[in-house]
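Please keep the sequence and the model open while reading.

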Amino acid sequence: MDAIKVGGTWVSFVEGLSREDKQDVQDCLLYAELRANSEGIEGFVWLSHYQSTLLTLGFNLQSYIVDRPILVLDIRQVDEYAVEVSGVQSTQRLAQSLGDVFDSMPIRQDALSYLRHPVENAQTRHYQCVPCEKTQEGHVIVFVCGLALSCQRARARGRTHDVYLNAKGGAFVLNRTIYARHRAQLQEAVRQAAAHMVSVIEI
């Protein structure tokens, strides 16, 4: 599977995308990252700004990840974790490909660390991945998935700490007519940043 890292986001190209498609996706995701970073925020608030930028570039939301945090008591819950999607059914297959990306990210390792060696103060680690594909109808879809793994003092008796895993985001389809109005200006905006914020990775 072709994959790159754009800033802190793991991006995988599932199938069907041309070189131009991949470049457009890379530019849009990098621009969204730069805009969100400039706000001096983090976590799911950062993700909200990131997704808002995609909307202004011509992406339309088709489906969204249901906000469903899980209490992690066993590492198998992390291994078997899958997001729940509400919306257009055609994006379900892309949501299922998230598992391949999850396996390559340090989520399992970090969850084990929290379970075995809980931190004294509350702590949250954030991850983001974006699998992308081109449908048979020619639509470019990016599935933005932001994850939060947190460790905090337990509220229930019998445990000293609780570990939670949650995901937010959704699937966006690119409207090329709208994007065409921003393309030249966007490419210029990300040109210098791409040299040090984009790298090829293996998934």
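This is a predicted model: local features need pLDDT of at least 70, side-chain atom pairs count only at pLDDT 80 or more; totals for chains, interfaces and linings use all residues.

A residue is called buried here when its relative accessible area is under 20%, and exposed when that area is over 50%. By that cut-off twelve of the 14 residues of strand E7 are buried, so E7 is largely enclosed by the rest of the structure.

**Strand E7 and its pairing with E6**

- Strand E7 covers residues 140-153 and strand E6 covers residues 123-134, and the two run antiparallel, joined by ten bridges.
- Within this pairing, Tyr 127 has Leu 147 of E7 as its bridge partner.
- E6 and E7 form a hairpin that leaves five residues between them, and Gly 138, which sits in the turn, has a positive phi of about 90°.

**Strand E8 and its partners**

- Strand E8 (161-174) is also largely enclosed by the rest of the structure, because twelve of its 14 residues are buried.
- E8 pairs with E7 in the antiparallel sense over 13 bridges, and in E8 it is Leu 165 that stands opposite Leu 149.
- Strand E3, residues 59-65, runs antiparallel to E8 and is joined to it by five bridges; Ser 63 has Ala 171 of E8 as its bridge partner.
- Strand E4, residues 70-71, pairs with E8 over two bridges, again in the antiparallel sense, with Leu 71 opposite Tyr 164 of E8.

**The nonpolar cores**

- The largest nonpolar core holds 35 residues, and those with the most contacts inside it are Val 83, Phe 102, Phe 143, Cys 145 and Leu 147.
- At least two residues of this core come from each of the helices H3 (75-79), H4 (92-96), H5 (98-104) and H6 (107-116), and likewise from each of the strands E6, E7 and E8.
- E7 provides the largest share of this core, namely six residues.
- Cys 145, when residues up to four places away in sequence are not counted, touches Ile 65, Val 83, Leu 98, Phe 102, Tyr 127, Gln 128, Cys 129, Ala 167 and Lys 168.

**Helix H6 and Ile 107**

- The residues Ile 107, Asp 110, Ala 111, Leu 112 and Tyr 114 of H6 are buried, and the buried residues of this helix pack against H3, H5, E6, E7 and E8.
- Ile 107, which is found in helix H6, has a relative accessibility of 5% and therefore counts as buried.
- Leaving aside neighbours within four places in sequence, the contacts of Ile 107 are with Val 78, Phe 102, Tyr 127, Leu 147, Leu 149 and Leu 165.
- Ile 107 and Arg 125 are 18 residues apart in sequence, while their C-alpha atoms are 8.9 Å apart in space.

**Helices H1 and H7**

- Helix H1 (residues 19-37) packs with helix H7 (residues 176-197) at an angle of about 70°, and their axes are 8 Å apart; the two helices are therefore roughly perpendicular to each other.
- Residues making this contact include Gln 26, Leu 30 and Leu 34 of H1, together with Leu 186, Val 190 and Ala 194 of H7.
- By residue type, the contact of H1 with H7 divides into eleven nonpolar, three polar and seven charged residues.
- Gln 26, whose place is in helix H1, is buried because its relative accessible area is 15%.
- Apart from neighbours within four places in sequence, Gln 26 is in contact with Ile 4, Val 6, Ala 194 and Val 198.
- Ala 184 lies in helix H7, and with a relative accessible area of 59% Ala 184 is exposed.
- Ala 184 and Thr 160 are 24 residues apart along the chain, and their C-alpha atoms are separated by 54 Å.

Technical notes: Residues are numbered from 1 along each chain as its sequence is written. Side-chain values use heavy atoms; hydrogens and water are left out. Axes are lines fitted to C-alpha atoms, for helices over the stretch in contact, and angles run from 0 to 180 degrees between N-to-C directions. Helices (H or I, at least four residues) and strands (E, at least two) are DSSP runs, numbered from the N terminus. Angles under 35 degrees count as roughly parallel, over 145 as roughly antiparallel, 65 to 115 as roughly perpendicular and the rest as oblique. Contact means heavy atoms within 4.5 Å. Ala, Val, Leu, Ile, Met, Phe, Trp, Tyr, Cys and Pro count as nonpolar, Asp, Glu, Lys and Arg as charged, and the others, Gly among them, as polar. A nonpolar core is a set of buried Ala, Val, Leu, Ile, Met, Phe, Trp, Tyr and Cys residues joined through side-chain atoms within 4.5 Å. Buried means under 20% relative accessible area, exposed over 50%, partly exposed in between (1.4 Å probe, protein chains only). Two strands pair if DSSP finds at least two bridges between them.
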